[in-house]
Amino acid sequence: MDTKLVSVRGAERTQEDAGCIGVQAETEAALQEAARILRSGGLVAFPTETVYGLGANGLEEAAAKKIYAAKGRPSDNPLIVHISAMEELEPLVTEIPDAGRRLAELFWPGPLTLVFPKSSQVPYGTTGGLETVAVRMPAEDLARRLIALAKVPVAAPSANRSGRPSPTTAWHVWQDMNGRIDMILDGGPVGIGVESTIVDVSGKIPVLLRPGAITLEMLEQAVGHVELDPAIFQAPGENVRPKAPGMKYRHYAPRAEMTLVEGELEKVTQAINQLAEKYTAEGRRVGIICTEETQHFYTKGIVRCMGSRSREETIAHNLFAVLREFDDLEVDCIYSESLPCEQLGYAIMNRLQKAAGYRKISVE
Ligand code: TXA
Ligand code: MG
């Protein structure tokens with residue numbers, strides 16, 4: 001299959017080109033073509049504010065099957081259904097509980113996915129056999145325009161091959177999906193860089209299934225107590241069965257063995273330096289994931305900075321690109337610093353721990 005790569009530009013960005021109607025017309029034509037592909041059962045990758053999504057018609061079982069094949073994804077791992085306006089929610093669900101309505105009103109469009117009891121319209125092929133459906137209204141203007149033009153809810157997981165870090169640029173999507181899907185809409189690098197917060201609002205008390213840019217603090221301020229799915233920070237096993245099936249797979253995995261180093265920051269940098277020195281001397285290629293504040297401490301290994309500790313959104317933005325870069329550099333092992341598990345740091349640490357397969361060293 002030939003994958004078509006087309007550049008598109010959002011409304012804000014086209015304002016700079018006032019008078020340059022050609023750009024807007026090209027974007028409009030590309031979105032129209034993408035919408036046609038979605039309606040006829042094909043696959044289109046598109047930018048959202050979190051990560052790039054791989055879209056298909058969410059109401060068509062056969063289209064959902066194509067997503068699983070393109071990603072190499074286990075078919076029990078359900079897809080998020082994306083909508084462009086509030087009135088598109090009702091047909092997908094049997095009930096909108098109060099907490100769900102409140103969170104949707106406050107945070108949609110935005111990086112929040114809500115899990116509702118599904119209606120009969122949504123095929124089991126989309127929900128991985130579950131009686132619930134995950135729904136999100138993305139903030140990215142291009143994504144909402146695409147969904148509105150397609151006139152169907154768009155099922156879209158992250159547009160990476162299963163097990164690879166989520167794509168934050170169209171180039172990442174191309175690396176993973178070229179030849180496997182019909183079209184990639186290139187809207188430039190995404191804004192946030194980690195996937196949406198997922199909250200299950202189908203029960204009595206809302207449950208956080210995956211942390212993201214809408215933080216636990218923001219959720220609790222809106223709806224009171226929110227429970228945490230134990231799978232967020234524990235390796236899946238006998239006693240931990242995640243409610244978001246996708247959380248049980250080794251996600252976001254770089255090819256090299258990765259280890260998180262945690263403890264007091266100065267000791268962490270010393271420990272990573274010692275490990276880098278030892279393994280470099282043995283002829284191994286060592287990758288180090290650090291922050292702006294600590295970058296200058298490292299003397300050995302291949303050092304990549306995620307962003308600034310005082311602006312964690314810069315870290316979220318670069319995280320997956322750094323993991324992918326280490327794949328390209330073919331390092332043998334990776335050591336990463338840790339962050340405090342608060343606010344956005346909670347989402348970042350969740351992704352880092354998964355990338356590390358929960359491998360960690362604590363230094364005191
Ligand atoms: O930011 C995002 O959420 C991106 C963009 C494209 O919107 N999408 C994304 O999709 O991250 P994906 O498929 O990579 O992750 C979806 C997660 C999986 O862990 C899946 O198990 C969970 O959502 N999920 C989907 N439907 C669910 C349901 N009905 N109940 C519980 N978890 C669900
Ligand atoms: Mg994913």
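## Overall size and composition

Along the principal axes, the C-alpha atoms fill a box of roughly 60 × 50 × 35 Å. The secondary structure comprises eleven helices and 16 strands, where helices (H or I, at least four residues) and strands (E, at least two) are DSSP runs numbered from the N terminus.

This is a predicted model, in which local features need pLDDT of at least 70 and side-chain atom pairs count only at pLDDT 80 or more, whereas totals for chains, interfaces and linings use all residues. Residues are numbered from 1 along each chain as its sequence is written, chains are lettered from A and ligands numbered from 1 in the order in which they are written, and side-chain values use heavy atoms, with hydrogens and water left out.

The chain is divided into domain 1 (4-196) and domain 2 (257-363), with bounds that come from an automatic or database domain assignment. The centres of the two domains, taken over C-alpha atoms, are 30 Å apart. In the interface, 17 residues of domain 1 are in contact with twelve residues of domain 2, contact meaning heavy atoms within 4.5 Å. The domains bury about 1100 Å² between them, 49% of it on carbon and sulfur atoms; buried area is the accessible area (1.4 Å probe) that two parts lose on being put together, summed over both.

Three salt bridges are found across this interface, a salt bridge being a side-chain nitrogen of Lys or Arg within 4 Å of a carboxyl oxygen of Asp or Glu. Arginine 351 forms a salt bridge with glutamate 195, and their closest N and O atoms are 2.8 Å apart.

## Salt bridges in the whole structure

The structure holds 13 salt bridges. One of them joins the side chains of glutamate 33 and lysine 4, at 3.0 Å from N to O. Because glutamate 33 lies in helix α2 (residues 21-39) and lysine 4 in strand β1 (residues 4-7), this pair ties together parts that are 29 residues apart in sequence.

## Backbone features in loops

Most residues other than glycine have a negative phi, and most peptide bonds are trans. The peptide bond from tryptophan 108 to proline 109 is cis, with omega near -10 degrees, and proline 109 is found in the loop between α4 (98-107) and β5 (112-117). Lysine 151, although not a glycine, has a positive phi of about 60 degrees and lies in the loop between α6 (141-150) and β7 (154-155).
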